[in-house]
Amino acid sequence: YQRRVHGDILSVYFFSLPSSLPIPASSNFFMAFVDHTVGDEGSLASIEGLVLEMLRSLVAKQSHAFRIPVRTSRNSIQQEDSVSLGEHYLQRRLTPGKARSYALMWLVIASMNDHITCKTRTTQRDLYYSLTKYVKTPNELNKIIQDVVGALGIPRLSLHITTTNRGFVSGLLEWSVDDGASIIDCSKLDGNGLSIPGSLPASLRLVTTARYIVVIEKDAVFQRLTHEKFWKVVPAVLVTGCGYPDLSTRVLLWRLSHQFSLPVIAIVDYNPSGFRILHNFRFGSFAMCESSRYGVALHWAGLHRCDVHDESALQRLTPRDYSLLRGLLALPSVVGRPAVQTELQRMQEEGSKFEIEAVYQEGISQLLKRKILTRDYISY
């Protein structure tokens, strides 16, 4: 099926699957987010179901539409311990105003289908460069991928599109793949730690003797603690997302926390952006349909207002900071936790913030050690 749109050819692709795969009879085929991963056959069956929906619409001489969850805070169900998308959807049809984005969704689905069928994976960056003729910016492609994830109801990790490596891990963790053929001892790496791949291998095997997981906002602080071998002071695995975490970093953190039943201790800057990063690790992002499933309970070890004693280290909040704070203070997860709420309200009332580097004089290792061993943290 081809149609000329804005001078380009809009191609709708048809896929073939083994006869053993289930083909849905209903035109209302939308797979709910049930499991954290979906096998290749399940992913291919979902793509097949979407194609069948489109074909049925064509046969009935109707305009086919993708059904996509609205990914905004207004379409969210926010509770004290969970955040999930609500029941509002948008429909993207093959109409003059939506033809381009509609076509891009099929192009991305076609690429996913090819990689799943061939048992290969591609990074989002590589996919962007292969579609530069059609996609204007990497951000546009990211939004299209999230639309496809929402329309299929399948996690991105099951669709063979990964992100570029961003996070790092170090400490008391052995990392091996392919039945232990190659074991990486993360406690013996240099100050950079082990780069977390954009897609965790299916055969990944983790072993740890740690008693804590420490999540660190900043890469520089992570490298400092890794260089000092903080796990010799407190038995821990160190994880950083180098700012806002990517999905793969959050998946690894979720797996470590659940597989080994370890408490997660977090340290971020004392500012609204730092707490947003904390919130992202805890609940995920509205922009990613599958993000909230990898949330982990956190203990916010800092930074808190009481952690800095040098008043010269304080900085004034910006208008953007105040705007972020108002949004954070309205979150049910904050309202339902008086200790968290009090800390953010004090930040707002004093109009001040500071970064982790402000406590370097005391020593970040000593500060973390004291907070962990005395349980001087706020549960979130």
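Visitor: Which residues of α10 are buried?

Guide: Buried means under 20% relative accessible area, exposed over 50%, and partly exposed in between (1.4 Å probe, protein chains only). In this predicted model, local features need pLDDT of at least 70, side-chain atom pairs count only at pLDDT 80 or more, and totals for chains, interfaces and linings use all residues. Residues are numbered from 1 along each chain as its sequence is written, and side-chain values use heavy atoms, with hydrogens and water left out. In α10, the buried residues are V340, E343, L344 and M347. Helices (H or I, at least four residues) and strands (E, at least two) are DSSP runs, numbered from the N terminus.

Visitor: Why do the buried residues of α10 line one face of the helix?

Guide: Viewed down the axis, they fall within an arc of 90°, and so line one face; the arc is that of the directions from the helix axis to the C-beta atoms. The face turned away from the buried side of α10 carries the exposed residues P338 and E349.

Visitor: How is an aromatic pair described?

Guide: A pair of aromatic rings is described by the distance of the centres and the angle of the planes. Rings of Phe, Tyr and Trp (its six-membered ring) pair if their centres lie within 6.5 Å; planes under 30 degrees apart count as stacked, over 60 as edge-to-face and the rest as tilted. The structure holds 10 aromatic pairs. One of them, F66 with Y102, is tilted, at 5.1 Å centre to centre and 50° between the planes. F66 lies in strand β3 and Y102 in helix α2, so the pair ties together parts 36 residues apart in sequence.
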